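Reader: I am new to this structure. Please take a close look at one part of it, and then show me how the rest is put together around it.

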Amino acid sequence: MTYVLIGHEMKHAVEEMLLHLLPAAVLTRAEKLPETGDRCLSMLREQDGRAYALAEAVVDGRCLRCERDAAIDGMDELARKRTVTELIKTTLYEAIAPGLPEAPVWGSLTGVRPAKLARGLIERGKSRAETAEALRGHFFVSQKRVSLTIRAAETALFFGNEIGPDDISLYVGIPFCPSRCYYCSFVSAATAQSGHLIEPYLDALCREIEETGAMVREAGKRVQSIYIGGGTPTTLTAEQLKRLTARLAEAFDFSFLREYTVEAGRPDTITPEKLAALKTAGVTRVSINPQSMEDEVLRQIGRRHTATDVLRTYEEARQAGFREINMDLIAGLTGDTPESFGRSVHTLIGLAPENITVHTLAIKRGADLSDKAANAAERRKVGEMLDLAETALGAAGYGPYYLYRQKFSAGGFENVGWCKPGTECFYNVAMMEELQTILSLGAGGVSKRVERDTGWIERTNNPKYPQEYIGAAGRLSAGKRKLLRLGV
Ligand code: SF4
């Protein structure tokens, strides 16, 4: 699609909305609209304290148009920019969405944190009903997604009240896996190629743990939750897990810790010995992630385990004493169908883990999206899987407690954490809703300072890849010291 901007330079906002509506589009900006092909004009004019936006598009031969305006009189620059950006995006949405075979389930919302938006409205004085109406009426969100969003916002409001100004959480990354899953978009190295890096990586990580522990003490912060993720942390041996958890316990005061999660991830890495080591270290929650309980699907996505392995490791985790277990499923995997996905959901419900997280497969742009018919069929299939999961989980007593969206997830859907009452994962909510400062240790770690009263968020990044991270050991403190407002 060729697009033209007149009267503004909000290329990013326009492209984001066009790709949200037309994921298969290849966008080209031009000075002048072509006579043929899919094309779009976005125009803005500001006059007498109002902003006027116009969107005109031709999509698959259909002419589409929308005009809107909004008051901007007396606004400061930030508020004006927000209002105008939203006006441009809404105008594009209202022009193009009626021409689509199906309206996006998230309406004109393109952000990854819909519940944060809803929470913001509630915190600024809107009732739940008014917030729901704003999501429906202003952003065109489907009723089902409005309900999910309000439930997730409620959990965030609840946890938000339990977080003091000095409370923080920690994330520790182990970017190694026994093998790569075909769909994976994380930075994680397969041990066959990178196993030799694990020991030097752990050395560097232990050093960062010590340094961060000292900073946290100096800044007078209290650690409320720890999340060891990856990759697959249980790729480490039991001895390595003991070393890592011992170093964490030495470096940080655990008196205020309310939750300690380790992603056990792949069943082919879990052993009773490792589970015992984690339990002894005080870990309270593990995540065992089958993604599917269908052996053929597991084979097709490159997982080197079977559904029986998942059942075995789940039982071993219970025997090790874990009372909070999460299990992940992914809707939209190669070879999966609504029927087989439904069987996976019911098998997990039968096991009764405290949390079940239902992800939507994130698809790559380009080739995967170029076939519109296949894409529409895929969207319908994934939508069916999610509906089925929602019905089954709701009937089994699970409720949604956090959600987030990914760019280019199949069909523009979402990832939802479901839980039995009272077993919400604090870290997931605090991280996804940006409720508190989170310090991230290890390769690819993104630490965030969150100032709730002003909405200010500041980030510092660790080197992305294990090799770079190992090379940077001893030089990683400056960014975190700055986030914690400590002298460098
Ligand atoms: S186990 Fe997880 S992190 Fe590792 S390759 Fe598979 S999806 Fe990626």
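Author: Start with Gly231. Gly231 sits in the loop between strand S9 (222-230) and helix H8 (238-251). A cis peptide bond joins Gly230 and Gly231. The omega angle there is about 10°. Keep in mind that this is a predicted model, and the angle is computed from it.

Take Phe140. Its place is the loop between helix H4 (128-138) and helix H5 (143-160). Phe140 is not a glycine, yet its phi is positive, at about 60°. How exposed is Phe140? Phe140 has a relative accessible area of 27%.

Ala352 is another case. Its phi is near 65°, a positive value in a residue other than glycine. Ala352 lies in the loop between helix H12 (338-351) and S13. Its relative accessible area is 25%, which makes Ala352 partly exposed.

S13 covers residues 355-360. Of its 6 residues, 6 are buried, so S13 is largely enclosed by the rest of the structure. Look at which way the residues point. Asn355, Thr357 and His359 point one way. Ile356, Val358 and Thr360 point the other way. All of these are buried.

S13 has a partner. Strand S12 (residues 324-331) pairs with S13 in the parallel sense, over 6 bridges. Within this pair, Asp328 stands opposite Thr357 in S13.

S16 pairs with strand S6 (residues 167-174). The sense is parallel, and there are 5 bridges. Ser169 stands opposite Ile438 in S16.

Now a helix. H3 spans residues 114-123. In H3, 7 of the 10 residues are buried, so the helix is largely enclosed by the rest of the structure. Which residues of H3 are buried? They are Pro114, Ala115, Ala118, Arg119, Gly120, Leu121 and Ile122. An α-helix has 3.6 residues a turn, so residues three or four places apart point the same way. The cover over the buried residues of H3 includes H4, H5 and strand S14 (399-404). H4 and H5 are also the helices on either side of the Phe140 loop. Just after H3 comes Gly125, with a positive phi of about 110°.

Next, a sheet. It has 5 strands, in the order S2-S1-S3-S4-S5. The sheet is open, and its pairing is mixed. Its edge strands are S2 (28-29) and S5 (62-71), each of which pairs on one side only. Inside the sheet, strand S3 (residues 39-47) and strand S4 (residues 50-59) run antiparallel. They are joined by 9 bridges. In this pair, Arg39 stands opposite Val58 in S4.

Glu9 is found between strand S1 (2-6) and helix H1 (11-21). Is Glu9 buried or exposed? Glu9 is exposed, with a relative accessible area of 58%. Glu9 and Leu44 are 35 residues apart in sequence. In space, their C-alpha atoms are 9.5 Å apart.

Finally, step back to the whole chain. The chain holds 16 helices and 18 strands. Buried residues make up 55% of its 488 residues. Its radius of gyration is 24 Å. A compact globule with 488 residues would have a value near 23 Å, so the two agree. Along its principal axes, the C-alpha trace spans about 65 × 55 × 45 Å.

Contacts and surface complete the view. Among contacts with a separation of 6 or more, 71% are between residues 24 or more positions apart. The accessible surface comes to about 20900 Å², and 53% of that belongs to carbon and sulfur atoms. As for charge, there are 62 positive and 63 negative side chains. The centres of these two sets lie 2 Å apart.

Note on methods
Residues numbered from 1 in each chain as written. Predicted model: local features only at pLDDT ≥ 70, side-chain atom pairs only at ≥ 80, totals over all residues. Heavy atoms only, no water. Helix = DSSP H or I, 4+ residues; strand = E, 2+ residues; numbered from the N terminus. Rg over C-alpha atoms; globule rule 2.2 N^0.38 Å. Buried < 20%, exposed > 50% of the residue type's maximum accessible area, 1.4 Å probe, protein only. Contact = heavy atoms within 4.5 Å. Areas by Shrake-Rupley, 256 points an atom, 1.4 Å probe, with all protein chains shown as cover. Lys, Arg positive; Asp, Glu negative; His and termini not counted. Charge placed at Lys NZ, Arg CZ, Asp CG, Glu CD. Pairing = 2+ DSSP bridges.
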